[in-house]
Amino acid sequence: MAPAVALALLAALVAPGLGAAPGCDRPALRWCRSRDAAAACQVQSRCPSLPRPAAAPVELSLYYESLCPACREFLVLKLFPTWLLLPEEMLNITLVPYGNAQERNVSGKLDFQCQHGPEECLGNMMEACLMHEAKNFSTYFPVIFCLESGSSVTKNLEARPLCPQCLQIYAPEVDSGRVSACVQGDTGVALMHRNAQLTEALDPPHQYVPWITVNGKHTDELQAQAEASLLALVCHLYQGEKPEVCGGSKAPKIPPGCRR
């Protein structure tokens, strides 16, 4: 994607909806996600030629904690911009909010203890429930970006479920009441149990967060490359036709992760 287009899309995060074509029902940050979206919003001339899906996408999984500073920085400053810049067929992302949490069975009920306290457990469950209710990655990822980039991931949950300003801006179609019901009920516990299982099944076992796997693998080298320049790594690994943005991008390393 050309720099001007990237800047236009990033600007849309601050003022979403500006410049939408009549009849376009997508937020601005989704206009260039696919050829169909670009055509529906009449912005083909503002989007680069998207590569055809001639290769499998790069599979990236992020194991993280909602309040871990290094996790938030990677998600907000590296992962979300990379996803925004690349066509959807190049990168497939899985988010697993759990990290260094511990799962216990207390009197027949599952209980979770998190590295950064109860608020982090709440944030983890909020994001897991959001994914469960929204289902579509392009719907829930901008909301998670909004939550993680704010001053407090879980602020005013009871009064304003799931920070509805984030939902209203990026995913107004998602019912915040259903997300809150998930968080407060058995579904949220079941989702966190699943995330605990996914995290504990990692091979090699995770030692810190953010913990990144690429195409199902984790190595020190892959982790370092993802932290240094995720865009360059994905562009290098993708075997199909590559967009202009894959000319290369350098980024400073993020701080060390939150270790156990």
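Buried, in these legends, means under 20% relative accessible area. The model is predicted.

**View 1. Leu79 and its surroundings in the largest nonpolar core.** This core has 68 residues, and Leu62, Leu79, Leu95 and Phe141 touch the most other members. Skip the neighbours within four places in sequence, and Leu79 is still in contact with Leu60, Leu62, Phe74, Ile93, Leu95, Phe141 and Leu230. Apart from this core sits another one of eight residues, including Ala28, Cys32, Cys41 and Val43.

**View 2. Tyr98 meets Phe112.** The structure has nine aromatic pairs. In this one the ring centres are 6.4 Å apart and the planes are at 85°, so it goes down as edge-to-face. The partners come from distant parts of the chain, 14 residues apart: Tyr98 sits in the loop between β2 (91-97) and β3 (102-106), and Phe112 in strand β4 (residues 109-113). Tyr98 is buried at 2% relative accessibility, and Phe112 is buried too, at 15%.

**View 3. Phe137 and Tyr140, a pair within helix α5.** Here the rings are edge-to-face again, 5.2 Å centre to centre with 75° between the planes. The two residues are three apart in helix α5 (residues 137-149), so about one helical turn separates them. Phe137 has a relative accessible area of 16% and Tyr140 comes in at 10%, so both count as buried. Zoom out a bit and ring pairs link Phe80, Trp83, Phe137, Tyr140, Phe141 and Phe145 into a cluster.

**View 4. The disulfide of Cys146 and Cys166.** A search of the whole structure turns up five disulfides. The sulfur atoms of this one are 2.1 Å apart, and the torsion about the S-S bond is about -70°, so the link is left-handed. Cys146 lies in helix α5 and Cys166 in helix α6 (residues 164-170), so the bond ties together parts 20 residues apart in sequence. With a relative accessible area of 16%, Cys146 falls under the 20% cut-off and is therefore buried. Cys166 is buried as well, at 3%.

**View 5. Cys114 joined to Cys121.** The S to S distance is 2.0 Å. This link is right-handed, with 110° about the S-S bond. Cys114 and Cys121 are both buried.

**View 6. Cys235 with Cys246.** Their sulfur atoms are 2.0 Å apart, and the link is left-handed, with -75° about the S-S bond. Cys235 belongs to helix α9 (residues 220-237), while Cys246 is in the loop between α9 and β7 (258-259). Cys235 is buried at 5% relative accessible area, and Cys246 is buried at 18%.

Notes. Residues numbered from 1 in each chain as written. Predicted model: local features only at pLDDT ≥ 70, side-chain atom pairs only at ≥ 80, totals over all residues. Heavy atoms only, no water. Core = buried A, V, L, I, M, F, W, Y, C linked by side-chain atoms within 4.5 Å. Buried < 20%, exposed > 50% of the residue type's maximum accessible area, 1.4 Å probe, protein only. Contact = heavy atoms within 4.5 Å. Phe/Tyr/Trp six-rings, centres within 6.5 Å; stacked < 30°, edge-to-face > 60°. Helix = DSSP H or I, 4+ residues; strand = E, 2+ residues; numbered from the N terminus. Disulfide = S-S within 2.5 Å.
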